[in-house]
Amino acid sequence: MNRRSDFPLLAMNPGLHYLDSAATSQKPRAVLDAIVNFYETSNANPHRGAYDLSVKATDAYHGARDRIARFFGVSDPATLIFTRGTTEAINLVASSWGGANVAEGDEIVVTGMEHHANFVPWQQLAIAKRARLRICELEPDGTVKVARLAELVTKRTRIIAFSHVSNALGTINPVREIAAIARGAGAISVCDGAQSAPHLAVDFHDLGVDFYAFSGHKMLGPMGIGGLIGRRALLEGMPPYQTGGDMIEFVKDADTTWNVLPHKFEAGTPNAANAVGLAAAVDYLAAIGMDEVRRHELALIESAMTRLSAIDDLHIYGPGPAQRSGVVSFTLGDVHPHDLATILDGAGVCIRAGHHCAQPLMRRLNVPATARASFYVYNDESDIDALVAGIMTAKALFGPAHV
Ligand code: C6P
């Protein structure tokens, strides 16, 4: 089914082949309308006013939380904390839980495929606490072998942090098995869901992780809103991440007590309009059905991988389609991915080139950068046609010395 017409930017640019949804997705009309409608009908500062309009804004904000919680199978919406996105959600856990619970000599386990947002906060926590960061090396096909990860876990392990889906390889990780290893070791599991929330059916409780972080802008929602879902007992035991308005109970001259969840972790005026926009995005995805989203992307990824691997000197990184979400990372001979992306841009094809905020992974792949095409609900075979045609143009331009 062609959904392009639901997306104003794509509908207005018929020659545009947007293959960079892993960076940020396009937004359907329903999301844009929901944001405008909030500002036109309900705009006031939530939680602050006794007047009707503020109550309306408060209801819109919490109604959005309820809908997004339902999308992730979360039965207790107060355990979904709104953040600016995945980066802030992971920093919240590293700073709050990590600050209170990680001590000298403790260990934190991550994998070699992590985005900087799920690597640097743990690395810095380890440095600050004189703890040890242990990195699970990847298999040659860009997957995590659970047994190899388990070997890194000791009685000093406090945290296992890992992505559900790699942004640079597309690899889908065995979340439940990794969460079980963490549980068995008495460690917490932190799952970076930035690239799974948009593409796979996610049920927080079924995954079995302690924390799950996601970004709204990658799942058809607006920029600047995302969330952290956590287990209530853990969230209640954690100190606040930021302090200020709304997150307090009583402020005395000498000390302060904290508000209940989710407010304890939502200091300041909330991003209500974008929460409403994100709720419209999850409604849009739920109407398609996440199984259908996955089926659609799997068909595209199978086709893209078949067609790209038929091109001489083109090397694809990562596993086969069954273990991969809608991302294909590749290099073409010794053509720099930035040059390739520039040539593709000339043909209206948007891909990302670079280290994809995953420098530890690039070192492991032994490349400075890759080209990355990523797919979503509005893409179809014509986008792959344009990608392949653009790569053939680049091949002709750079000539046999390079490809
Ligand atoms: N990846 C990409 O092009 P924020 O910026 O907070 O919304 O998301 C950070 C983030 C965390 N984890 C993973 C796996 C991600 O893919 C991202 C964002 C984009 O791959 C921008 S670098």
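Me: Thr 370, buried or exposed?

Reply: Thr 370 is buried, at 1% relative accessibility. Buried means under 20% relative accessible area, exposed means over 50%, and partly exposed is in between, with a 1.4 Å probe and protein chains only.

Me: Before I go on, what sort of model is this?

Reply: This is a predicted model, where local features need pLDDT of at least 70, side-chain atom pairs count only at pLDDT 80 or more, and totals for chains, interfaces and linings use all residues. Residues are numbered from 1 along each chain as its sequence is written, and side-chain values use heavy atoms, with hydrogens and water left out.

Me: OK. Which strand is Thr 370 in?

Reply: Thr 370 is in strand E15, residues 370-374. Strands (E, at least two residues) and helices (H or I, at least four) are DSSP runs, numbered from the N terminus.

Me: What does the side chain of Thr 370 make a polar contact with?

Reply: The side chain of Ser 329, at 3.2 Å. A polar contact is a pair of N or O atoms within 3.5 Å; within protein, one must be able to donate a hydrogen and the other to accept it, and residues adjacent in sequence count only if both atoms are side-chain atoms.

Me: New topic: where is Ser 25?

Reply: Ser 25 sits in the loop between strand E1 (17-18) and helix H2 (29-41). Ser 25 is also buried, with a relative accessible area of 2%. Its side chain reaches the backbone nitrogen of Leu 220 at 2.8 Å.

Me: And what is Ser 25 in contact with, leaving aside neighbours within four places in sequence?

Reply: Among others, His 217, Leu 220, Tyr 376 and Tyr 378. Contact means heavy atoms within 4.5 Å.

Me: Now the ligand. Which side chains have a polar atom 2.7 Å from a ligand oxygen?

Reply: Ser 215 has a polar side-chain atom 2.7 Å from an oxygen atom of the ligand, and so does His 217. The protein buries 87% of the 510 Å² that the ligand exposes when taken alone, with areas from the Shrake-Rupley method and a 1.4 Å probe.

Me: Which domains does the shell around the ligand draw from?

Reply: At least three residues come from each of domain 1 (4-21 + 290-398) and domain 2 (30-286). Those bounds come from an automatic or database domain assignment.

Me: How many residues are in contact between domain 1 and domain 2?

Reply: 33 residues of domain 1 are in contact with 32 residues of domain 2. The domain centres, taken over C-alpha atoms, are separated by 28 Å.
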